[in-house]
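The sequence and structure are shown first.

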Amino acid sequence: MATIDDFVQDIPFLSFQQRRMLKEQAQDLVLWGLDGKDHDIQSLWPAEYDKTSKNEVRKIYSQVMAHIDALRHTEVDYSTFHPTFDFKEKGANIVKDFLAPEKIMGKCPCPRDGEQTRCCNLKTLDAVQQCAFACAYCSIQSFYSSNEVRIVSDLKQHLENMVLEEGTWHIGTGQSSDSLLLGDDYGTLTALFSFARLHPEVVIELKTKCARTDWLSMDIPANIVSTWSLNAPTAAAKEEHLAATPHARIKAAAACAQKGNLVGFHIHPMVHFCGWQKEYAELVKFLCDSIDPKNAVMVGMGTLTFTKQNLRTLRESERPTRVTQMPLSPIAGKFSYDLQTKRQMFSHVYSCFPQDWKENVFFYLCMEDPSLWQPCLGRSYACNADFENDMKEHYLAKVRGKAN
């Protein structure tokens, strides 16, 4: 059977743009691993057709694209998805002698220009680069071409000499790697905790999908907020490879909270699949049964969202996944679910939380359209600054409460 490139190139009368789009659809079909004739582009395209008829070729093209679009608008059925890729062969290596570059502080990837989403103005700290997990949708894989997990070996010294930009109050460490996967094996947490003590009015957020708890024996400053990314168990099992199960993550968070430390949660990226309502409801119940909301700072929500580079990396990886079996609606310069689907998902999850959580925990939508806030959370903000100020007030109130 011809390769996708050769097959698409052999089809006459298609424009460059049409060939590109057909190739992308063909790559997604392979990744989805669907049964029967839906499996690959060559099965969908007639074996015999009139290559001299421009009208026939264009008609077949339209039919194939419409068929794939219909698949994208169908809820993902994970019961038929059994990825066979050996993710344990990812082979991430630890590099300890990586000296900090001149700049390891960045900013939130939200599109702030034009305020297309509500942005909290998060600053990001790249203490570690690359992640040893293999989540199908991960944007980190698009940032770094190597599987090497690189650790800033002079982090403590670098942070002690760092002058923070005026207005910095919230720094996240989970944008370029998993914050807790390596624990304090290489002194990263020791450096971050020392940095937190130097800046008690700055919230340092750790973000993880692991279930390590050995680091809890350390003296953790009150302004360190440890957060866990959560997902429906099926989505986690099928797409978040090598990461801890959602229940294991929540148990680790409970251990952290029981030690008197602040925790938070990112129900993100939510996946629209058969049975999502029940699974996310059960996830929220387990979370609320495990954690006292007085120890929780925040719950952020967001759905699958991709950049062009992220999609390109996914398609070229050839790793089985169904995360791209979605409409890929263009929103704020990226691709995601349509607003109606997002509204349905966020409203459902928020409704599952009991009132004491809604009163004690800061809920927000991460990198989502401003029009979703009012119908989903019952509140909205006129601008990014209003959102940031409200978040800052809630976060720092929790931190001060723990410090006292």
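## Second largest pocket

The second largest pocket has a lining of 18 residues, among which Arg-20, Glu-24, Gln-25, Leu-311 and Arg-315 lie nearest its centre. The model is predicted: local features need pLDDT of at least 70, side-chain atom pairs count only at pLDDT 80 or more, and totals for chains, interfaces and linings use all residues. Residues are numbered from 1 along each chain as its sequence is written, and side-chain values use heavy atoms, with hydrogens and water left out.

On a 1 Å grid over the protein atoms alone, a pocket is an open set of points with protein on both sides within 12 Å along at least five of seven lines, a cavity is a set where a 1.4 Å probe fits but cannot get out, and lining residues have an atom within 4 Å of a point. Grid points are joined across faces, edges and corners, and a volume is the space filled by probe spheres set on the points. The volume of the second largest pocket is about 530 Å³.

Helix 2 (16-32), helix 4 (54-72) and helix 11 (308-317) each contribute at least two residues to this lining; helices (H or I, at least four residues) and strands (E, at least two) are DSSP runs numbered from the N terminus. Helix 2 gives the most, with six residues. By class, the lining of the second largest pocket comprises seven nonpolar, two polar and nine charged residues. Here Ala, Val, Leu, Ile, Met, Phe, Trp, Tyr, Cys and Pro count as nonpolar, Asp, Glu, Lys and Arg as charged, and the others, Gly among them, as polar.

Gln-17 is placed in helix 2. At 39% relative accessibility, Gln-17 counts as partly exposed, where buried means under 20% relative accessible area, exposed over 50%, and partly exposed in between (1.4 Å probe, protein chains only). The C-alpha atoms of Gln-17 and Thr-173 are separated by 39 Å, the two residues being 156 residues apart along the chain.

In helix 11, the buried residues are Asn-310, Leu-311, Leu-314 and Arg-315. They cover an arc of only 130 degrees around the axis and therefore lie on the same side of helix 11; the arc is that of the directions from the helix axis to the C-beta atoms. Lys-308 and Glu-316 are exposed on the other side of helix 11. Just after this helix, Glu-318 adopts a positive phi of about 65 degrees.

## Cavities

A search of the whole structure finds two cavities of 30 Å³ or more.

| Cavity | Volume | Lining by class |
|---|---|---|
| Largest cavity | about 130 Å³ | six nonpolar, five polar and one charged residues |
| Second largest cavity | about 80 Å³ | four nonpolar, three polar and four charged residues |

The residues lining the largest cavity include Thr-173, Val-128, Asp-178 and Leu-192. The second largest cavity is lined by 11 residues, of which Thr-117, Thr-305, Ile-331, Ala-332 and Met-367 are the closest to its centre.

## Aromatic contacts

A pair of aromatic rings is described by the distance of the centres and the angle of the planes. Rings of Phe, Tyr and Trp (its six-membered ring) pair if their centres lie within 6.5 Å; planes under 30 degrees apart count as stacked, over 60 as edge-to-face and the rest as tilted. By this rule, the model has 15 aromatic pairs. The rings of Phe-7 and Trp-45 have centres 6.5 Å apart and planes at 85 degrees, so this pair is edge-to-face. The pair joins distant parts of the chain, with Phe-7 in helix 1 (residues 4-9) and Trp-45, 38 residues apart from it, in the loop between helix 3 (41-44) and helix 4. Phe-7 counts as buried at 16% relative accessibility, and Trp-45 counts as buried at 2%.

Phe-362 and Tyr-395 also form an edge-to-face pair, because their ring centres are 6.1 Å apart and their planes at 85 degrees. This pair likewise links distant parts of the chain: Phe-362 in strand 16 (residues 362-365) and Tyr-395 in helix 15 (residues 384-403), 33 residues apart. Phe-362 is buried at 3% relative accessibility, and Tyr-395 is buried with a relative accessible area of 1%. Both belong to one aromatic cluster, which also includes Trp-169, Tyr-364, Trp-373, Tyr-381 and Phe-387.

The charged end of Arg-379 sits over the ring of Phe-362, 4.9 Å from its centre. A charge sits over a ring if NZ of Lys or CZ of Arg is within 6 Å of the ring centre and within 35 degrees of the ring normal. Lys-358 has its charged end over the ring of Tyr-350, 4.5 Å from the centre of that ring.
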